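Let's walk through this structure together, one piece at a time.

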Amino acid sequence: MAFIRISGEPGSRHEELARMTAQRLDCHLATEVGICDTIANEFSGLHGIPDRAWPHLAASILAKIGVERHVVVSTVGAERLFRDYPATLSIHVTAPESRKLSNLMVTRGLSDEQARTLLFELESEAASMRRRRFGSAGKRGQSYDVMLNEAALNVEQMLDVVEFTIRSKGLLEAGLVSEDDEKRFLFESRLKLARFGIVPPDRVNVARKEFGHPSEEVFANLLDFYRIAWDYEPRSFPLQWDKDGKVLEAFTPDFYLSEFDLYIELTTMKQANVTRKNRKIRLLKAIYPHVNIQVFYQKDVQDLVAKYGLPERLAR
Amino acid sequence: MKEPPIDRVLFTAEQVEARIRQVAAEISAEYENRELKLIGVLKGSVFFLTALARELTAPVKLDFLAVSSFANQRGGMPGVVRIAKDLDESIEGEHVMLVEDIIDTGFTTRYLMQHLATREPKSLSICTLLDRTPRRIVQVPIDHRCFEIPDRFVVGCGLDYKQLYRNLKYIAALNVEAS
């Protein structure tokens with residue numbers, strides 16, 4: 001297993017670089033949100049998980065993923081995970097303040113003043129998280145194998161540098177985690193987590209979900225093409241319960257785009273057959289008014305087919 | 001030319017011309033005596049950009065860029081959007097306006113804005129001929145728009161269907177099934 005750890009200054013495009021690296025090298029992408037979701041699923045929420053236990057818990061989860069796939073880790077303090085593991089690379093992205101501000105202004109549609117406020121908040125939050133998880137907010141240059149500066153390189157060029165470094169170090173040929181290594185690693189994690197009274201999960205479900213319809217796979221490819229982060233069916237929303245609180249009906253949107261806090265539902269069936277789905281979406285909006293969801297109906301998909309030159313069979 | 005299979009004309013040639021004049025007047029007032037660089041996105045924006053530029057009274061420079069197309073992706077390594085044709089000149093310190101034919105999902109515009117922002121222009125704004133908001137996924141800050149349109153596939157004034165109908169002087173909803 002190779003662990004490619006990509007971190008960066010708040011406001012820099014390190015998350016985009018991590019996503020593109022995982023995509024180009026066919027690695028599992030472990031993001032802050034993804035790791036926290038996995039921990040929350042295993043422990044029925046993040047409550048009761050001390051911040052200082054987080055690095056050990058994250059490492060034990062990532063080690064299990066590493067048995068099956070190479071991993072790109074993109075979290076605050078990623079450089080502090082797997083420091084002693086041989087097949088690893090730590091990359092850090094830095095950027096001048098003007099570049100970070102323009103990144104935030106463009107990607108989030110903010111004014112200069114709003115971007116400055118947000119950047120300050122993001123930097124404070126990142127420092128606070130480092131302090132809570134690792135005991136100090138500081139970053140040391142020697143923790144990183146490669147430092148990339150957005151003032152000199154765009155994301156495509158950074159990606160080329162990362163890929164070249166990974167290949168020249170032979171990280172992808174290092175092989176996945178052996179069962180013995182995994183056992184040893186998990187034993188060490190278990191010991192560290194025992195201090196917090198936490199037992200790490202035996203299994204982590206990281207199987208890639210199968211797309212329910214070819215149009216979903218092409219839509220995912222379209223999002224990848226435009227470098228937009230997505231999750232496939234990450235969450236189900238209960239819509240009806242019986243008197244005992246058991247969920248009778250739920251709705252699972254196809255995609256979640258975390259950058260825009262937006263769910264996307266693709267509907268390729270005939271318009272006449274979408275009544276049931278429309279009812280569910282109306283219910284979803286009524287019960288969860290804070291949830292943003294956009295529905296693409298058959299005609300929308302047809303137009304995407306025409307606009308982006310997707311395979312025409314998807315429109316049917 | 002083969003008759004386009006249109007459902008209906010959304011905006012006549014006269015309406016398009018009049019609206020472009022209005023928007024050009026707004027932009028001219030905004031950039032009075034300041035140099036403005038219009039950046040067109042090939043190929044769709046060419047017709048709109050030239051019509052707009054002719055009506056502007058502010059001093060104008062032009063440049064063009066093009067992005068790789070999802071439709072041209074082939075098997076092998078997964079593709080990501082790239083600049084297929086970059087700007088010919090630097091935009092550092094300039095007032096820059098990205099000129100689009102249509103913004104719908106916002107995918108391409110977002111990527112282009114990110115790309116242009118790294119070149120450190122003095123200001124960066126967006127002007128689009130058509131704004132199809134029902135299809136928006138990525139929110140992009142549009143400074144000037146000529147028309148908002150419904151959720152229809154449209155052609156004309158630079159917009160094509162399989163590279164046809166860009167040169168129509170009007171904007172029409174296309175009957176995709178009949179085309």
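Find Leu62(A): leaving out residues up to four places away in sequence, it touches Met1(A), Phe3(A), Ala30(A), Ile35(A), Val71(A), Val73(A), Leu81(A) and Phe82(A), where contact means heavy atoms within 4.5 Å. Keep in mind that this is a predicted model, in which local features need pLDDT of at least 70 and side-chain atom pairs count only at pLDDT 80 or more, while totals for chains, interfaces and linings use all residues. Side-chain values use heavy atoms, without hydrogens and water, residues are numbered from 1 along each chain as its sequence is written, and chains are lettered from A and ligands numbered from 1 in the order in which they are written.

Now zoom out. Leu62(A), along with Ile4(A), Leu17(A) and Ile91(A), touches the most other members of the largest nonpolar core, which has 48 residues. Such a core is a set of buried Ala, Val, Leu, Ile, Met, Phe, Trp, Tyr and Cys residues joined through side-chain atoms within 4.5 Å. The top contributor to this core is H3(A), with 8 residues. (Helices, H or I, at least four residues, and strands, E, at least two, are DSSP runs numbered from the N terminus.) In H3(A), 13 of 13 residues are buried, meaning under 20% relative accessible area, with exposed over 50% and partly exposed in between (1.4 Å probe, protein chains only).

Over in chain B, an open sheet of 3 strands runs in the order S1-S9-S8, paired antiparallel; strands pair if DSSP finds at least two bridges between them. S1 (6–11) and S8 (154–155) of chain B each have a single partner strand, so one side of each has no neighbour in the sheet. S8(B) is joined to S9 (residues 171–174) of chain B by 2 bridges, and Val154(B) has Ala173(B) as its bridge partner.
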